[in-house]
Amino acid sequence: WNSDARGQASIALGPSDAYGYTSFSTGWVTEARGNYSSTFGYQTNSYPYASLALGRFNVITGDSASWVNSDPIFIIGDGTSNNNRSNSFVIQKNGQTSVGYNAPTGMLNVSTGLGSLNNGGALDTDNSAILIGSPTSGMAFDANQIETIGTTFHLNYNSNRDVTLAYGGGDVGIGLVAPAAKLDVSGTDWQFHLDNEAAGGDDWYIGSSATSWAAGAGKFLIS
């Protein structure tokens, strides 16, 4: 009903249009504009060549007649109207993928639109841009924070490769949020523990003392 399969060897079902060569469209007021494209849903448009569009009111972009690597091949639209089109998920023909953005600018772009993991000073995994595992056992990411949940965070645990931090000039803080030196360590006990695990090795402790320490406050101690 009220369909237009205008493209050669195309199929249109429902109030939809299939203009591309061997294209397919179904749903409500959908359009398969690209050659060899398909579209389903509500007012979606598979405009790029050999693309698939789902959802509703996806962003219309691309070349309908030829393969362009930077064009979408798979699109899920989440727009609200014809004048407010947007995408929730896009894979381009070159493999670049975006989640929560209209188009990717790298191999994988994930939106942090849910907010920060640091929600009022407490860990909130519901705001994760990426959650590997579960909210009780895994690793959560947002734009500038990584948190492990229910487990220890390991960096190069089995690898023997070097680890570089702050090569670009930034400072590193341990136990504080605003480091004031290249390496700034804060703690109420010994700040450094040097452990030589080889035969005959021993442990050394280095710290800045507090009032509660036997040595008294404000001393630099090595033990």
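**Entry 1: strands β9 and β10**

I looked up T97 and found it opposite L108 in β10. I am reading a predicted model here. T97 belongs to strand β9, residues 97-99. I noted 3 bridges joining β9 to β10. These two strands run parallel.

**Entry 2: the open sheet**

Next I followed the sheet around this pair. I found 8 strands in an open sheet. I wrote down their order as β1-β3-β5-β6-β7-β8-β9-β10. The pairing is mixed. In general, strands of a sheet pair through backbone hydrogen bonds, either parallel or antiparallel.

Which strands stand at the edges? I found β1 (11-12) and β10 (108-110) there. Each has a single partner strand, so one side of each is left without a neighbour in the sheet.

**Entry 3: a hairpin**

I then moved to β13 (residues 130-134) and β14 (residues 137-141). I noted 5 bridges between them, and the two strands run antiparallel. They form a hairpin. How many residues lie between the two strands? I found 2. I also checked I132, whose bridge partner in β14 is M139.

I looked at M107 on its own. It lies in the loop between β9 and β10. Is M107 buried or exposed? Its relative accessible area is 55%, so I call M107 exposed, as the cut-off for that word is over 50%.

**Entry 4: a charged patch**

I found a patch of negative charge on the surface as well. D195, E197, D202 and D203 gather there. I placed D195 in strand β18, residues 192-195. D195 has 42% relative accessibility and counts as partly exposed.

**Entry 5: salt bridges**

How many salt bridges does the structure hold? I wrote down 2. In general, side chains of opposite charge can pair when their charged atoms come close.

One joins the side chains of D4 and R6, at 2.6 Å from N to O. D4 is partly exposed, at 24% relative accessibility. R6 is exposed, with a relative accessible area of 58%.

R33 forms a salt bridge with E31. Here I noted 2.7 Å between the closest N and O atoms. R33 is partly exposed at 33%. E31 is partly exposed at 21%.

**Entry 6: positive phi values**

I looked up F57 for its backbone angle. Its phi is positive, about 45°, although F57 is not a glycine. I found F57 in the loop between β6 (52-56) and β7 (72-78). Is F57 buried or exposed? Its relative accessible area is 5%, so F57 is buried, the limit being under 20%.

A166 also has a positive phi, near 55°, and A166 is a residue other than glycine. I placed A166 in the loop between β15 and β16. A166 is partly exposed, with a relative accessible area of 30%.

**Entry 7: T164**

T164 is found in the loop between β15 (146-149) and β16 (172-174). T164 is exposed, with a relative accessible area of 61%. Where does T164 stand in relation to G100? I found the two 64 residues apart in sequence. In space they are 31 Å apart, C-alpha to C-alpha.

Conventions. Residues are numbered from 1 along each chain as its sequence is written. This is a predicted model: local features need pLDDT of at least 70, side-chain atom pairs count only at pLDDT 80 or more; totals for chains, interfaces and linings use all residues. Side-chain values use heavy atoms; hydrogens and water are left out. Helices (H or I, at least four residues) and strands (E, at least two) are DSSP runs, numbered from the N terminus. Buried means under 20% relative accessible area, exposed over 50%, partly exposed in between (1.4 Å probe, protein chains only). Two strands pair if DSSP finds at least two bridges between them. Patches are made of residues with over 30% relative accessible area and no salt bridge: like charges are joined within 9 Å, nonpolar side chains (Val, Leu, Ile, Met, Phe, Trp, Tyr) within 5 Å. Accessible areas come from the Shrake-Rupley method with a 1.4 Å probe; for residues, only the protein chains shown count as cover. A salt bridge is a side-chain nitrogen of Lys or Arg within 4 Å of a carboxyl oxygen of Asp or Glu. Lys and Arg count as positive and Asp and Glu as negative; His and the chain ends are not counted. The place of a charge is taken as NZ of Lys, CZ of Arg, CG of Asp or CD of Glu.
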